[in-house]
Amino acid sequence: MSCCFGNNTNGTEPQKSILEQSDLPLDQPIIPVTKPSDPKIEYSITVKTGDFRNSGTNGPVYINIFSRDNKQTEDLLLTAPDKPFTQSSTRKFQVYATDIGKPQRIIIRHEDKSTGWYVDYIEISVHNFLIRFVANRWLNQLKNDRKLDIELFGSEQPAVLYNIEIQTGDEQIETLDSPVYMQIYGTTTTTPKFFLESKNPSFKKDTLSKFSISSNNVGEIERIVIGHEGLGKVNDWYLKTVKVQMLGQQQEYVVDKWLSPTQGEQRLFVELSKEKPPSPLPAPPPPPSPKYIIMIQTGDVPQQETTENIEISIRGSDEQIDKILLKDCAKFNNEQLFQKGNLDEFEIDHTDIGNIESITIGFSDSQQNIAWLLESINIEYKENIYHFQSQCWLSNRLGSSFSWVTIKPDESNDDINYKVTVVTGESGVDANVILCIYGDDETTTTTNLALKTTKDGSDAKFDRESTVEFDLKAVDVGKIKKINIGHDGKGDEQQWFLKSIEIEKNDELYTFQANRWLSEEKDDQKTFIDLLPDEQKPPTPVPIKDQANYIITIITSSEKDAGTDSNVLMTIFGDKDQTKQFQLINNKQGEMASFESGTINEFEMELDDVGNINKINIGHDGIGFQPNWNLESVQIQKGSDTYNFVAKKVLDDSTTFIDLTPTSSRATPSSESINIKTPRSITPEQKSVSIKEIAYKISIQTDSYQKDIMGDNASFYMIIHGENNQTQKLYLKDGLTSDKKILFTKDEKTEFEFQTIDVGKIIKIIIGRDDSQTKDTWHVDNITIKQNDEIITFNAEQTIEPNSQIELYPSIIPKKSEITYKIILKTGPYQEEGNDSNIYLTIFGQNGQTKKNPLNKTTKINKKIIFKKDDTIEFEFKTNDVGKISKVILSQNLNEHGIRWHIDNLTIKQNNETTTFNVKRKIEKYTEIVLVPSSLRKKSETSQKLIKTSDSVSKVVVKIKGK
């Protein structure tokens with residue numbers, strides 16, 4: 001830091017005002033920035049670069065300015081014809097931007113990844129305010145926390161000097177070499193996160209280290225946070241005491257604990273508050289103050305790369321909780337946060353801020369690596385619960401500052417309804433599709449809306465030549481000027497031909513014509529596009545649909561804990577139409593329905609006439625203390641027709657909704673052995689529904705990787721989708737044609753037969769398993785279905801784990817030809833030594849994919865060598881020829897013990913082709929890393945192009961243990 005090397009920017013020098021003491025030369029020109037056509041307020045911004053060797057940057061440099069109530073400017077580019085950010089330079093910029101009032105904090109970043117930048121301070125003059133934001137730190141990928149951006153808090157007072165003393169305990173063995181940081185919180189503001197550095201190693205056993213740091217005046221010191229980044233070879237630090245002196249204040253803190261990933265509380269930081277003077281008389285301990293309990297739901301969709309560095313600030317009617325790093329407040333410290341489908345819980349100690357008015361949540365990501373789908377947030381304080389419905393993507397890849405969002409609670413939200421229709425052309429996509437709507441001045445926008453749930457509650461599928469409708473809620477942007485739509489490229493089908501989008505809001509209808517590819521391989525290789533609306537026209541009047549009376553009877557199983565306190569929802573499908581999804585609330589007697597164990601609930605409803613009923617979708621929303629529901633059966637009476645649906649299924653977290661088709665039986669759903677709490681007599685004459693059924697003969701072939709013997713107690717199932725309908729789950733053990741108790745073994749074909757509904761021409765199948773306890777894996781090579789005289793084949797070559805399913809489309813089963821693959825793996829500097837490897841490689845190509853091939857002593861060419869850091873290891877195995885390689889997946893077997901891996905790069909040789917993949921990461925136990933081919937560069941090469949390439953080829957999918 002400034003006290004230890006280079007010239008110090010002495011924050012104690014200004015005696016009058018910051019402006020009068022500015023070191024900006026009088027002849028230094030002011031660099032103009034082009035003024036936009038829209039009238040905005042002028043900001044005068046001064047940037048001081050540190051006086052250290054190689055402390056300048058070539059930029060670009062961006063700044064974002066925030067007010068106390070979280071209003072913010074757009075990303076402001078600070079640029080000039082020459083190179084303004086040279087060593088020891090002080091440059092001034094005039095920038096026109098949105099008026100946010102008085103600035104409170106800023107985020108400043110640069111994108112020159114080849115060099116670092118040392119920032120002394122930034123000054124902002126606007127209205128009658130002159131505010132200094134002291135940094136005194138590096139923004140460098142090789143120093144400190146390796147970030148290129150920093151959040152700074154401003155002060156109108158001159159900077160001050162903080163004298164800091166750190167005592168490392170006698171328990172320390174080796175010298176800590178991980179970057180140590182501190183942040184000081186006061187009554188008026190907060191310092192930035194600054195690092196304690198010196199030329200000589202500090203933090204040795206039983207030593208006192210002293211530092212002098214210039215930063216903004218926080219007023220009276222209330223608390224500090226001190227810790228280290230955990231990025232060294234030695235990451236165990238026994239911190240004994242800390243002393244901070246500023247002006248006339250001096251605070252001393254006794255710590256006496258390990259800051260370590262493996263010892264003590266296994267935390268790398270500690271928060272310290274000043275001690276209060278002892279009371280004259282001992283007082284009884286105060287009752288524990290209530291905490292803010294925060295529950296954050298992450299979307300249940302694949303996400304390329306996630307982060308745990310999510311921050312939140314909460315604004316109340318009386319005061320606010322300043323931005324806080326959520327992982328520091330996690331209730332369970334040993335869990336991975338913000339992963340696919342996670343519900344994470346946090347506890348924040350803070351005084352009462354009054355009624356919560358809004359929250360701001362997000363993360364900093366100058367490298368544009370992260371994309372996070374925020375589903376919803378619940379905040380509980382005392383007896384109040386605030387719900388924030390988000391369902392939006394946060395990512396800087398979608399635009400500047402799009403990694404942050406401000407949300408109001410549901411009851412105070414002014415959101416409106418948007419009806420969105422997306423039409424796909426000749427090629428579909430299974431990646432995450434994202435929509436953003438821009439209003440009148442292009443500063444009023446919706447959040448990044450995730451198009452993942454259709455208006456009928458089903459998962460969105462952008463299939464070839466399909467039309468998908470959504471009902472969305474978002475902020476009213478006024479008159480729509482443009483939209484941005486695209487996908488994140490996460491999925492097997494990434495070449496999307498988008499025809500058009502239609503958006504209806506209030507009494508306005510907007511149509512956007514695309515008629516283009518959104519693909520990294522076609523046209524301009526863009527996966528996102530801005531679209532302008534066609535000439536605005538009034539919405540087409542919606543024809544009034546015929547209505548029909550439905551009497552719906554729901555029977556809950558009488559087994560123990562069969563009931564649910566969640567909201568029960570249903571959709572009815574017929575040969576003419578389908579209803580919207582509706583909730584079953586009040587029964588026929590006008591009372592609130594209770595779906596408890598052994599109850600029969602009857603509902604009478606006026607809904608759209610769907611014609612003859614051929615399917616229902618029923619389930620619950622998962623909200624409540626006991627969401628799991630054991631559904632026995634459903635009966636629907638429509639006019640003189642009665643339709644019976646047998647479920648006998650537990651709807652839990654893994655399956656909250658189920659499709660049911662009517663049975664051909666005339667029998668009323670049995671209520672024998674059911675303790676009916678709401679008795680009702682079912683007497684109407686029942687009429688069976690004519691449902692055409694046919695036989696399906698199914699043959700399933702396992703492959704040579706099938707090691708586990710799968711018995712008939714395994715819950716394998718298949719769902720057949722056709723042009724006219726779909727079957728319900730067909731459990732394979734119920735259709736086994738032989739008397740044997742074994743369903744699947746290695747390289748074996750097993751046959752099944754089912755008599756069920758005729759779905760018409762088969763367009764796809766879904767196969768999966770429900771087992772939640774077993775750890776066996778099912779390796780499916782191919783499937784053949786005989787329907788009447790037609791034979792449909794499906795090439796699978798996939799592994800199906802417990803509680804998962806895959807979707808297959810008709811395809812030719814290729815003839816298998818094996819070739820030899822030679823794998824050359826280069827380990828990184830953090831590779832653990834040893835011989836126990838549980839890492840697996842799956843290779844994908846134009847002719848299919850291989851199975852998971854182990855990279856261990858069984859496939860290692862030289863079986864005597866051990867795995868070690870910065871080494872090259874060669875493997876060799878024979879497997880099916882996938883043709884030209886398109887991608888690979890590196891994964892680990894959770895049930896096998898193995899060393900920790902750090903891989904630099906991977907090369908595959910097959911026939912006369914060589915394919916190289918940049919990895920440059922640790923392989924965690926719960927991750928799968930997807931890699932696409934890239935040209936191998938020298939390790940010293942640090943160009944921006946290289947970094948972008950290596951970032952874009954690695955996609956991480958985290959699998960939660962037990963799911």
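Select strand β14 (residues 221–228) together with strand β17 (residues 269–273), and you will find the two running antiparallel and joined by five bridges; strands here are DSSP runs of E with at least two residues, numbered from the N terminus, and two of them pair if DSSP finds at least two bridges between them. Within this pairing, Ile224 stands opposite Leu272 of β17.

Before going further, keep in mind that this is a predicted model, in which local features need pLDDT of at least 70 and side-chain atom pairs count only at pLDDT 80 or more, while totals for chains, interfaces and linings use all residues. Residues are numbered from 1 along each chain as its sequence is written, and side-chain values use heavy atoms, with hydrogens and water left out.

**Around β14**

**An open sheet**

Next, select β4, β3, β6 and β9, which form an open sheet of four strands in the order β4-β3-β6-β9, with antiparallel pairing. The strands β4 (76–78) and β9 (149–153) stand at the edges with a single partner strand each, so one side of each is left without a neighbour in the sheet. From one strand to the next the twist averages 25°, where axes are lines fitted to C-alpha atoms and angles run from 0 to 180 degrees between N-to-C directions. Zoom in on strand β6 (residues 103–110), which pairs with β9 in the antiparallel sense over five bridges, and there you can pick out Ile108, which stands opposite Ile150 in β9.

**Aromatic rings**

Rings of Phe, Tyr and Trp (its six-membered ring) pair if their centres lie within 6.5 Å, and planes under 30 degrees apart count as stacked, over 60 as edge-to-face and the rest as tilted; by this rule the count comes to 21 aromatic pairs. Show Phe338 and Phe346, whose ring centres are 5.6 Å apart with planes at 15°, so the pair is stacked. Phe338 is buried, with a relative accessible area of 0%, and Phe346 is likewise buried at 0%. Move on to Phe595 and Phe603, another stacked pair at 6.1 Å centre to centre with 20° between the planes; Phe595 and Phe603 are both buried. Then select Phe52, Tyr118 and Trp138, which ring pairs link into a cluster.

**A buried threonine**

Turn to Thr756 in strand β47 (residues 749–757), which counts as buried at 10% relative accessibility. Leaving aside residues up to four places away in sequence, Thr756 touches Lys692, Glu693, Ile694, Tyr696, Thr727 and Leu730, contact meaning heavy atoms within 4.5 Å.

**Where to read with caution**

Finally, colour the model by pLDDT, the predictor's confidence in each residue from 0 to 100: the protein chain averages 79, and 82% of the residues score at least 70. Over residues 665–690 the pLDDT stays under 50, and the model has 49 contacts beyond four places in sequence for them. Residues 936–963 are also below 50, with 63 contacts in the model beyond near neighbours in sequence. Where pLDDT is low, the predicted coordinates should not be read in detail.

Technical notes. Buried means under 20% relative accessible area, exposed over 50%, partly exposed in between (1.4 Å probe, protein chains only).
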